[in-house]
Amino acid sequence: MSDYTKESVSNLLFEKVDAILIVDAQKDNYHSIKKSGLFQDILDDDGSYEKLVEKLWFHFNDKSDKITDDYHVFIPMIGKFKGKYVDRIKLHFEDRSYLIQISIYPLDEECTHYMFLLDELDNSEYVREFLTDKKIDTIQSSFLFSMYVDLIKNIAYSINVTEISSNPQNYDIKYTDWRMMIVNMIWPEDQKLFLERTDPEYLKKNLMPGRTTSFDCQMKNLEGVFIWVKLIFSRAETTNEDDFRFVFMVQNIHDSSIQLLNSLKKYEELASTDSLTSLFNHGRIETEISNSIESYNTVKIPVTYMMIDIDYFKKVNDQFGHSTGNVVLKQFVKEIIDFTKDYNIVSGRWGGEEFICVCYDTKIEKAKELAEKLKEKIASASFEKIGSLTCSIGLTEIKEGDTSPVLFDRVDKAMYEAKSSGRNCIVVK
């Protein structure tokens with residue numbers, strides 16, 4: 001063993017290491033002292049240090065796809081090393097995956113110059129690493145991101161992006177800086193909630209030691225696609241009440257959230273839809289009337305209301321039976337839908353054989369013209385078993401100070417006046 005000297009060991013290390021780089025982080029460049037094997041193809045003799053960091057760490061750990069440019073704002077931070085650092089990463093080159101060990105040594109006290117030693121690990125080591133990662137992926141597959149936060153020191157550290165590496169990243173960052181950088185990755189409509197719930201004072205006030213809080217929002221993933229995530233803050237339980245340390249995690253809940261939203265949408269439609277005609281039901285069209293009044297009061301867009309009643313429908317049920325009556329109602333609604341589909345009109349079944357249409361951006365003169373055409377369309381249609389039928393229509397236009405009861409009373413009176421005037425006609429109130 002005594003045969004080895006400092007010079008011989010240096011020569012041995014130089015011979016054994018696959019690649020040696022000298023980095024000047026301030027000037028954003030690196031110089032290759034040695035390149036062999038794989039590194040002859042993937043490294044330049046001289047190049048940008050920022051591009052080197054991007055090449056080594058800014059791709060997914062299981063494929064060669066690059067991380068979306070939005071997250072490249074963190075590249076300068078990842079490239080700062082405060083001490084010796086060792087990491088294992090996967091590199092993908094020409095449809096093959098390579099396991100690389102990186103050893104980094106600062107060359108000055110300011111930690112602006114580094115020596116990188118890079119080695120390609122052999123296949124057996126790659127298999128062990130692969131199997132270990134698979135176990136970790138099985139446990140952490142839903143957790144995309146984690147870090148520790150010290151609010152007193154305003155620092156976020158031990159940052160782990162599981163889609164990049166199973167190891168925590170080297171850098172730390174001011175928590176307040178991280179918060180304002182990451183807000184740009186949050187869905188615009190969720191950004192206000194994110195800023196509120198991640199505010200240091202909010203966390204200090206609302207989260208007791210040992211307690212956890214979370215909220216759901218949409219966030220851009222590393223591929224640049226917005227997905228549903230759960231943001232989780234857990235405060236460390238210590239004996240010091242003024243010790244504000246937290247674990248922060250981002251959990252992928254996209255698939256389950258989409259399933260839930262689809263289910264909620266389904267039940268919302270069931271709760272809002274008339275089961276026979278598939279139009280809005282009484283409660284939902286009543287809400288539409290209220291919404292239209294609010295819209296008018298806000299932007300003054302004219303709205304007209306049309307109440308339609310099938311003439312002598314009781315005779316249809318009495319003569320042909322309720323099953324035929326239901327068929328007639330469905331066909332009657334189809335005539336309305338076919339007629340109104342090209343207009344900004346929302347229709348609903350008020351009850352029995354009565355229907356209401358909320359006609360947006362429509363003055364009373366235009367609404368009366370539409371009502372005449374619809375009345376003629378109904379009268380000319382042929383209905384199964386019964387042949388033909390007619391309808392009576394009441395019309396009213398929204399006015400300043402109108403409420404839902406006032407509007408409904410006016411259009412209801414117009415419709416009944418049309419029926420008492422001989423039916424198959426239109427009355428405006």
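**Aromatic pairs and overall build**

Q: How many aromatic pairs does the structure hold?
A: The structure holds 18 aromatic pairs. Rings of Phe, Tyr and Trp (its six-membered ring) pair if their centres lie within 6.5 Å; planes under 30 degrees apart are stacked, over 60 edge-to-face, and the rest tilted.

Q: Which kind is the pair of Phe 81 and Tyr 114?
A: Phe 81 and Tyr 114 are edge-to-face, with 5.5 Å centre to centre and 85 degrees between the planes.

Q: And where do the two sit in the chain?
A: Phe 81 is in the loop between helix H4 (75-78) and strand S4 (85-93), and Tyr 114 is in strand S6 (residues 113-120). The pair links distant parts of the chain, 33 residues apart. Helices (H or I, at least four residues) and strands (E, at least two) are DSSP runs, numbered from the N terminus.

Q: Is Phe 81 buried or exposed?
A: Phe 81 is buried, as is Tyr 114. Buried means under 20% relative accessible area, exposed over 50%, and partly exposed in between (1.4 Å probe, protein chains only).

Q: What model is this, and how are residues numbered?
A: This is a predicted model: local features need pLDDT of at least 70, side-chain atom pairs count only at pLDDT 80 or more, and totals for chains, interfaces and linings use all residues. Residues are numbered from 1 along each chain as its sequence is written, and side-chain values use heavy atoms, with hydrogens and water left out.

Q: Back to rings. What about Phe 145 and Trp 178?
A: Phe 145 and Trp 178 are stacked, 6.2 Å centre to centre with 10 degrees between the planes. Phe 145 lies in strand S7 (residues 143-150) and Trp 178 in helix H6 (residues 175-182), so the pair ties together parts 33 residues apart in sequence. Both residues are buried.

Q: Which residues are in a cluster with Phe 145 and Trp 178?
A: Ring pairs link Phe 145 and Trp 178 with Tyr 175, Phe 194, Phe 233, Phe 246 and Phe 248.

Q: Which ring does the charged end of Arg 284 sit over?
A: The charged end of Arg 284 sits over the ring of Phe 280, 4.2 Å from its centre. That term needs NZ of Lys or CZ of Arg within 6 Å of the ring centre and within 35 degrees of the ring normal.

Q: New topic: how many helices and strands are in the chain?
A: The chain has 14 helices and 17 strands.

Q: How much of the chain is buried?
A: Of its 429 residues, 44% count as buried.
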